[in-house]
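Colleague: I'm new to this one. Can you walk me through it?

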Amino acid sequence: MKILFISLLVTILSSIVSAVSLTQNNNSYTLKNNYATVVISKKDGYITSLKIAGDNQEFLNRFYIDANGSKAGFHAKRSTIIKNTNDHVEIAFTDNVLNMDWEVRYTMLNDTKGVYFSLKLDHKANYPDTQFSEIRLILRLKSNPFSWLQVEDDVGRYLPTAEQQKNCQVMGPKEACKVKTGEVIHKYDWSIDALKHDVHGFATKNGLGCWFVTPSMEWKNGGAYNRDLACHQGEDDSLQIMYMAGSHYGAGDEYPKRGENWSKVYGPYLIYLNKAGSPQASWRDVKAVAKVEKAKWPYSFVSQPGYVKQRGSVTGKLTIKNPLNNSAFRLEDAVVTLVQPESNRESIPNQQWRHYSFWTHSISGVSPNFSINNVIPGTYQLRAWSKGVVGEFILNKTITVTAGRTTNLGEIVFTEKRVGPIAWEIGIPDRTAKEFKHGDHFNQWGLPYKFPKEFPNGVNYYIGKSNYSRDWNYCHVSVPGRGGKYQSIPWNIYFNLRKKPTGTSVLRVSVAANSSTALSVSINGGKNSAEVSNFKDDACVRRDGIRGFYRELEFKFGPNDFKIGENKITLHARKTGGYTNNCQFDGIMYDHIRLETPGL
């Protein structure tokens, strides 16, 4: 009996010690547990103070929630305590912005090392048309001491000090800034790809960290295709940003219409606070936490209307075949994603925003199994791609997902497009330009400016002699022309043939990204092909990206277009818009190029 009493007492005391509490006054709510203290203003629903237990360091300078580059902002008109127990405190703030109802929720559990944030947007049918390109949450941390920025395992650094950043010289594009050390910093150099992303944020030299932990980005416009801004410098502020909707890399605007009932819940995601001795240790800790948070998804504690807990899954086996011998490719880092079929209502997946999307990645092997878990019930289109295989593959039927059930698709078989043996190829089909010159450090300002000096005669690539990591630039950019205006110049590919093909050959060009550039090709100085100009601008060139809107192009040649001996294929890039003077932020990033020749 005494042992039972002691055990019960220990349980009660432990519960009290680890409890979360809510206190309030006329101006604010304070959420507190053993790990963190979070103060939220009643006036606008913004966090005004973030502190970790045992450390008096204030994290924040400012915090805000806005839209369309600060042209519209959330300022709470009402707050409601949703839950207030020893293990769960949750507060909701509401406003109407851009003809939509906004509900922001903050949740702290007894073991939350920080606070969860979520946003629900709701456009009712009787609301007027609206349009937005960005919805974002911004934490302006104190740059002293939060000077270490990290967005991926291999993308982290200390930023210049506030003093070094002041009165910086604006470069091209305008977001780039030359600081007093001579370094040019560009905020887009720390953008992130949604495909595999789960953490970004800042830390101090002694490892005090503030991070966004994202267990799922199913709500992100563009889904697995999306790239967006994440963190950057701001003199006295280190800006930690979550773009719940963003258009920086061509994702486009979102535009609920009158008569349309539309809503979406963004998050919850965790604002995680830690202290781990060094920035690197802080990063390792938060990455481990991200795995734990993913395993909890969808969160059981969420009560926000519209958040779906009852979900299904999709499984199957992915096979992609070579049409010449019917053998299955060994896949590497393959992706399977569920999106909406394209229609008059739904754009290409890169620009879809109305619905949620789901995916799995890092699939490898011959006919590997795949599983997409925690899918919201509905109807989807399946798309897939793999490193080493050209193309994006679309299942020819839609998939219906039911709550509580697994939809097993069995073996899905796709066939790569290929008209004949490969005469030669340049690059690796992986939807990026990373393997080419500068591609391994693409997130660095000023690379387009280097092209005229490094390739004064343009790219002249010799099959069998040239090396694409050295002799093929990561981007086909324009160069200075007469009067200071930039113009595109042709790139040449030289190759030898012992005999002519026996049928129509195809130059298969996979495009990783495009900014305001059209493309045509010619062979042996002949007439240019029909020009392809209907690319969407994904801004990768001016915003230091390496993958944007993928396209697969075919250019056909007859047997007599070739010569026995040396041949030359020319890529003609033509500037179609964008910047025209004193900067060269247009161009094409090639993913992979190959010549398929029947009979060789």
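Modeller: We'll take one tyrosine and then some salt bridges.

Modeller: This is a predicted model, so local features need pLDDT of at least 70, side-chain atom pairs count only at pLDDT 80 or more, and totals for chains, interfaces and linings use all residues. Residues are numbered from 1 along each chain as its sequence is written, and side-chain values use heavy atoms, with hydrogens and water left out.

Colleague: Where does Tyr243 lie?

Modeller: Tyr243 is in strand 22, residues 237-245. Strands (E, at least two residues) are DSSP runs numbered from the N terminus.

Colleague: Is Tyr243 buried or exposed?

Modeller: Tyr243 counts as buried, because its relative accessibility is 3%. Buried means under 20% relative accessible area, exposed over 50%, and partly exposed in between (1.4 Å probe, protein chains only).

Colleague: Which residues does Tyr243 touch?

Modeller: Leaving out residues up to four places away in sequence, Tyr243 touches Glu134, Ile135, Arg136, Trp219, Lys220, Asp228, Leu229 and His248. Contact means heavy atoms within 4.5 Å.

Colleague: What joins the side chains of Tyr243 and Arg136?

Modeller: A polar contact of 3.2 Å. That term covers a pair of N or O atoms within 3.5 Å; within protein, one must be able to donate a hydrogen and the other to accept it, and residues adjacent in sequence count only if both atoms are side-chain atoms.

Colleague: New topic. How many salt bridges does the structure hold?

Modeller: There are 34. A salt bridge puts a side-chain nitrogen of Lys or Arg within 4 Å of a carboxyl oxygen of Asp or Glu.

Colleague: What do the side chains of Lys275 and Asp55 form?

Modeller: They form a salt bridge, 2.9 Å from N to O. The pair links distant parts of the chain, 220 residues apart. Lys275 sits in strand 23 (residues 262-275), and Asp55 in the loop between strand 4 (47-52) and strand 5 (60-67).

Colleague: Why does Lys275 count as partly exposed?

Modeller: Because its relative accessibility is 48%. Asp55 is buried, at 18%.

Colleague: And which residue does Asp586 bridge to?

Modeller: Lys575, with the closest N and O atoms 2.3 Å apart. Lys575 is in strand 41 (565-575), while Asp586 is in the loop between strand 41 and strand 42 (587-596). Asp586 is buried at 1%, and Lys575 is buried at 16%.

Colleague: Which residues are linked in a network of salt bridges?

Modeller: Glu416, Arg418, Arg508, Glu552, Glu554, Arg594 and Glu596. Within the pair Arg418 and Glu416, the closest N and O atoms are 2.7 Å apart.

Note on methods:
Helix = DSSP H or I, 4+ residues; strand = E, 2+ residues; numbered from the N terminus.
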